[in-house]
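Reader: I am new to structure files. Could you show me how to read one, feature by feature?

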Amino acid sequence: MASTTSDKATPERRAELLQNLAETKICFAEASKSSSHTLTLVAVSKTKPAWMTRACYEEGQIDFGENSDIDLVNKAKKLADLESLRWHFIGVMKKTEGDDFRRRARMRELTTVSNLHAIQSLTSIEDADIYNSAIPADRKTPLNMLLQVNTSGEIQKSGLQYGLMTIGSQAESLASSERLNQDFEVLKKTRDVLEGMLRSNPAFNGRWGDNGKLLLSMGMTADFEAGLRAGSHIVRVGTGIFGARRMK
């Protein structure tokens with residue numbers, strides 16, 4: 001049940017938020033019954049106030065996603081006391097003419113968030129190099145990277161031709177309850193090809209993925225259940241938990 005009400009921290013809004021979270025977790029568990037691997041529900045809290053993230057965390061939700069690097073960095077500071085929280089950056093810092101220095105600075109600042117668990121939207125080797133060189137020397141765990149794939153071929157979406165995260169088209173999302181989502185199937189085939197390449201190259205020596213497997217992130221509020229049934233390891237749910245987002 002998505003909300004269109006105020007995001008002020010009222011008892012009623014908190015109760016609605018936690019009901020949304022509980023209902024999403026029920027659907028998540030039901031769609032995951034046939035899965036044999038570890039699954040992750042990312043609650044996408046973009047544009048929503050930090051109190052909502054804290055309330056969900058207190059109910060046991062650990063993974064949270066942000067589309068804006070600025071929002072992620074600011075919320076991470078406000079919620080620094082939540083030691084088990086894991087942030088996922090799911091946005092893309094698009095290049096604009098004359099803004100390359102500021103963009104690089106923002107990417108470097110993002111990597112300083114100690115509990116940044118994953119960047120799910122990598123779209124170029126250049127960005128991979130920037131992130132890799134910016135990771136603090138005292139970081140205790142590797143920073144997980146997922147390549148974003150434009151499986152639908154839509155020009156308005158970012159993504160490499162090959163990778164492990166997809167948003168997919170609205171048409172495929174709406175049809176997911178009736179047939180296989182073709183965007184998800186393209187991502188799975190891409191994963192199979194990449195895994196074969198990585199296994200056959202001794203230079204990588206197994207230093208990729210999760211125990212020799214590349215994880216898939218596919219499925220959002222409207223189609224996360226179809227994503228799980230298709231074999232996704234990670235799904236991203238925003239509106240279904242937090243309600244419609246404010247437009248900046």
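Author: Let us begin with the largest pocket. Strand S5 gives the most to its lining, with four residues. Strands and helices here are DSSP runs, numbered from the N terminus: helices are H or I with at least four residues, strands are E with at least two. Keep in mind that this is a predicted model, where local features need pLDDT of at least 70, side-chain atom pairs count only at pLDDT 80 or more, and totals for chains, interfaces and linings use all residues. Residues are numbered from 1 along each chain as its sequence is written, and side-chain values use heavy atoms, with hydrogens and water left out.

Reader: What does pLDDT tell me, and what is the average for the protein?

Author: pLDDT is the predictor's confidence in each residue, from 0 to 100. The protein averages 88, and 90% of the residues score at least 70. Over residues 155–162 the pLDDT is below 50, yet this stretch has 26 contacts in the model beyond near neighbours in sequence. A contact means heavy atoms within 4.5 Å.

Reader: How many helices and strands are there?

Author: Nine helices and eight strands. Of the contacts with a separation of 6 or more, 59% join residues 24 or more positions apart.

Reader: How many cavities does the search find?

Author: Two of 30 Å³ or more, in the whole structure. The largest cavity holds about 50 Å³ of space. Its lining includes Phe89, Arg103, Asp127 and Tyr131. Helix H4 (100–111), strand S4 (116–122) and helix H5 (125–134) each supply at least two residues of that lining. By class, the lining divides into six nonpolar, two polar and two charged residues.

Reader: Is Cys56 buried or exposed?

Author: Buried means under 20% relative accessible area, exposed over 50%, and partly exposed in between, with a 1.4 Å probe and protein chains only. Cys56 counts as buried because its relative accessibility is 0%. Cys27 has 30%, so it is partly exposed. In the protein, buried residues make up 46% of the 248 residues.

Reader: How many disulfides are there?

Author: A disulfide is a pair of cysteine sulfur atoms within 2.5 Å. By this rule the count is zero.

Reader: Which residues of H2 are buried?

Author: Ala50, Met52, Thr53, Ala55, Cys56 and Tyr57. The buried residues of H2 pack against helix H1 (11–31), strand S2 (63–66), helix H3 (69–78), S3 and helix H9 (239–242). After H2 comes Gly60, with a positive phi near 100°.

Reader: Which loop holds Thr47?

Author: Thr47 sits between strand S1 (40–44) and helix H2 (50–58). Its phi is near 70°, a positive value in a residue other than glycine. Thr47 counts as buried because its relative accessibility is 10%. Asn211 also deserves a look. Its phi is near 55°, again positive in a residue other than glycine. Asn211 lies in the loop between H7 and strand S7 (217–218). At 76% relative accessibility, Asn211 counts as exposed.

Reader: What does Ser173 touch?

Author: Asn181, Ala222 and Asp223, leaving out residues up to four places away in sequence. Ser173 is in helix H6 (residues 170–175). Its relative accessibility is 12%, so Ser173 counts as buried.

Notes: On a 1 Å grid over the protein atoms alone, a cavity is a set of points where a 1.4 Å probe fits but cannot get out, and a pocket is an open set with protein on both sides within 12 Å along at least five of seven lines; lining residues have an atom within 4 Å of a point. Grid points are joined across faces, edges and corners, and a volume is the space filled by probe spheres set on the points. Ala, Val, Leu, Ile, Met, Phe, Trp, Tyr, Cys and Pro count as nonpolar, Asp, Glu, Lys and Arg as charged, and the others, Gly among them, as polar.
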